[in-house]
Amino acid sequence: MHFTQISGCTPIRKEDGPAIVRQIGNVPCFSIANTEKTRAGEANLEMIEVIDEQGEKMWLVDFKKMPPFTPDQCIPYGQTTDVFPAKVPAVPLVTDKVYRLTIIAPMEKHPYETYAYSADFCLLKRPGQEVLVHQVQFDSKTSRWLREVCKTDAPN
């Protein structure tokens, strides 16, 4: 019997999972997808970055040796601490622009699971109301992201 050795059979790492953008007051608040592993507290928050449509960094903060990051936790835009100061301090966000959120939160026990989470979001100005934080949604019927909602005064 002859066995052929096959190299390069390393499982592919899932690089990107869904981030969740919520609203706390008039500020976006960022979390990760609610999965069995993230609920078990196995994601280690390492970085949060927000960029604009041109790729300009709006906010960047690195975290080291944090307690596990779970889906019920939410980090408000611009929040930092003395222990974890922002590498790029938060720039005020404006309406009618789409922003990209990236959260790096690998799972040490599961190295081939998702380690980055992302979402697009915007701020909408509603007549007679404060700012509304809106997470851009995917339309499975047209197979595209509905970013045009962010270019109007109110969501459809």
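Lys57 pairs with Glu49 in a salt bridge, with the closest N and O atoms 3.3 Å apart. Here a salt bridge is a side-chain nitrogen of Lys or Arg within 4 Å of a carboxyl oxygen of Asp or Glu. Lys57 is partly exposed at a relative accessible area of 41%, while Glu49 is buried at 15%. Buried stands for under 20% relative accessible area, exposed for over 50%, and partly exposed for anything in between, using a 1.4 Å probe and protein chains only.

Before going on, a word on where these values come from. This is a predicted model, in which local features need pLDDT of at least 70 and side-chain atom pairs count only at pLDDT 80 or more, while totals for chains, interfaces and linings use all residues. Residues are numbered from 1 along each chain as its sequence is written, and side-chain values use heavy atoms, leaving out hydrogens and water.

How many salt bridges does the rule give? The count comes to five. One of them joins Asp120 and Arg147, at 2.6 Å from N to O. This pair ties together distant parts of the chain, 27 residues apart: Asp120 sits in strand E8, and Arg147 in the segment after strand E11 (144-145). Strands (E, at least two residues) are DSSP runs, numbered from the N terminus. Asp120 is buried, at 8% relative accessibility, whereas Arg147 is partly exposed, at 32%. Arg100 joins Asp120 and Arg147 in a network of salt bridges.

Arg144 and Glu148 form another salt bridge, their closest N and O atoms being 3.1 Å apart. Arg144 is partly exposed at 37% relative accessibility, and Glu148 is partly exposed at 36%.

## The largest pocket

The largest pocket has a volume of about 190 Å³. Of its 13 lining residues, Ser118, Ala119, Asp120, Val136 and Trp145 are the closest to the centre. A pocket is an open set of points on a 1 Å grid over the protein atoms alone, where a 1.4 Å probe fits, with protein on both sides within 12 Å along at least five of seven lines; lining residues have an atom within 4 Å of a point. The volume is the space filled by probe spheres set on the points, which are joined across faces, edges and corners.

Strands E1 (16-24) and E8 (116-125) each supply at least two lining residues. By class, the lining has six nonpolar, three polar and four charged residues. Ala, Val, Leu, Ile, Met, Phe, Trp, Tyr, Cys and Pro count as nonpolar, Asp, Glu, Lys and Arg as charged, and the others, Gly among them, as polar.

How values were computed
Helix = DSSP H or I, 4+ residues; strand = E, 2+ residues; numbered from the N terminus.
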